[in-house]
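I opened this entry to go through the fold element by element.

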Amino acid sequence: MGNMKVLCYHGSPGTCEDFVELGKECTEASFVPVARKGYPPPSNVVHKEGEKLALTEPTVVLGYSWGCVAALRDVAQSSENVKALVLVAPFLGAEPVGAFKRFLLTNSFIGSFVIGMAANGVVSKLFEKSCRPKEAPPAYLALREKLARFDVLSRAGLEKTDVGMDPKEACDKVKAAAIPILLVWGKQDANDNSQVYAETVQNWLEPSTVVPIEDGGHALLWTHTKELAKHIKELIGQVSG
């Protein structure tokens, strides 16, 4: 099957380590995190979100949560050497950020103090809600300190209202590229509008493979790692060679 490169776009908030557990279950691939805008970058930057993809070898692109939008936008700009696209629990948007919250998120002095006091509670709620109906596994909980950083939470609070290519436009361009697409989502996802988002992406893209996980929530990277890896390995087997 070979060692296929998988270019990974983490969620919001997220870290470059979000795909480590998936990589352990899918040794047929090399999972490479993208440097997402405003987040701490990986030690070895292969691609920066928003720049034109310059892939020199066959690659699978994987997006998780809000990272699906970032992945779609990049592939829409250039799909050369993109062998397939994987979208896990796609999230398409959020309510506009109010003036006071925006002030806190953009003021590193005051905001870091106020948000810093609430950070652990915010991340604890993230763990519980995103993993529901499962418990958050130790590998996910181990990321608490990195997720609770002011710069990470600030970026997560602001990026969903950033101006960028409309998700529908990105989906239209990706669909026109006629690459295999795997869409995976949890039918018990507790995040607002997540079911609608998954169905919307399905209608826009008409993916070649759709996998709704009956007992899955949002954080499928951690709660359903083995099942997700199985479907990715099957996809890699289909597009390799």
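I began with helix α9, residues 194-205, and found that α9 lies across β4 (82-88), β5 and β6. Its direction is at about 165° to β5. I note here that the model is a predicted one.

I looked up helix α11 (residues 225-239) next. I found α11 lying across β1 (4-9), β2, β3 (59-64), β4, β5 and β6, at about 160° to β4.

For an overview I took the chain totals. I have 11 helices and six strands in the chain. Of the 241 residues, 51% are buried. I also looked at contacts with a separation of 6 or more: 78% of these in the chain come from residues 24 or more positions apart.

Then I traced the sheet. In what order do the six strands lie? I read the order as β2-β1-β3-β4-β5-β6, in an open sheet with parallel pairing. The edge strands are β2 (29-33) and β6 (209-213), and each of them pairs on one side only. On average, neighbouring strands of the sheet are turned by 20° against each other, direction ignored.

I checked the pairings one by one. β1 and β3 run parallel and are joined by five bridges. Within that region I noted that Y9 has G63 in β3 as its bridge partner. β3 and β4 also run parallel, with six bridges joining them. There I found Y64 opposite V88 in β4. V184 has V211 in β6 as its bridge partner.

I stayed with β3 to see how it is covered. Six of its six residues are buried, so I put β3 down as largely enclosed by the rest of the structure. Both faces are covered: T59, V61 and G63 are buried on one side, and V60, L62 and Y64 are buried on the other.

Next I turned to the helix pair α2 and α8. At what angle do the axes of α2 and α8 cross? The axes of α2 (residues 67-77) and α8 (residues 167-176) cross at roughly 50° and come within 8 Å. I therefore class α2 as oblique to α8. The crossing in which α2 passes α8 is left-handed.

I listed the residues of this contact. From α2 they are V69, L72, R73, V75 and A76, and they meet P167, A170, C171, K173 and V174 of α8. By type I have eight nonpolar, no polar and two charged residues in the contact. As a reminder to myself, an α-helix has 3.6 residues a turn, so residues three or four places apart point the same way.

Helix α7 (residues 150-159) was the next item. I have seven of its 10 residues as buried, so α7 is largely enclosed by the rest of the structure. The buried ones are V152, L153, S154, R155, A156, L158 and E159.

Last, I followed the loop between α7 and α8, where T161 lies.

Note on methods. Residues numbered from 1 in each chain as written. Predicted model: local features only at pLDDT ≥ 70, side-chain atom pairs only at ≥ 80, totals over all residues. Heavy atoms only, no water. Axes fitted to C-alpha atoms, helices over the stretch in contact; angles between N-to-C directions. Helix = DSSP H or I, 4+ residues; strand = E, 2+ residues; numbered from the N terminus. Parallel < 35°, antiparallel > 145°, perpendicular 65-115°, else oblique. Left-handed = near helix turned anticlockwise from the far one by under 90°. Contact = heavy atoms within 4.5 Å. Nonpolar A, V, L, I, M, F, W, Y, C, P; charged D, E, K, R; others polar. Buried < 20%, exposed > 50% of the residue type's maximum accessible area, 1.4 Å probe, protein only. Pairing = 2+ DSSP bridges.
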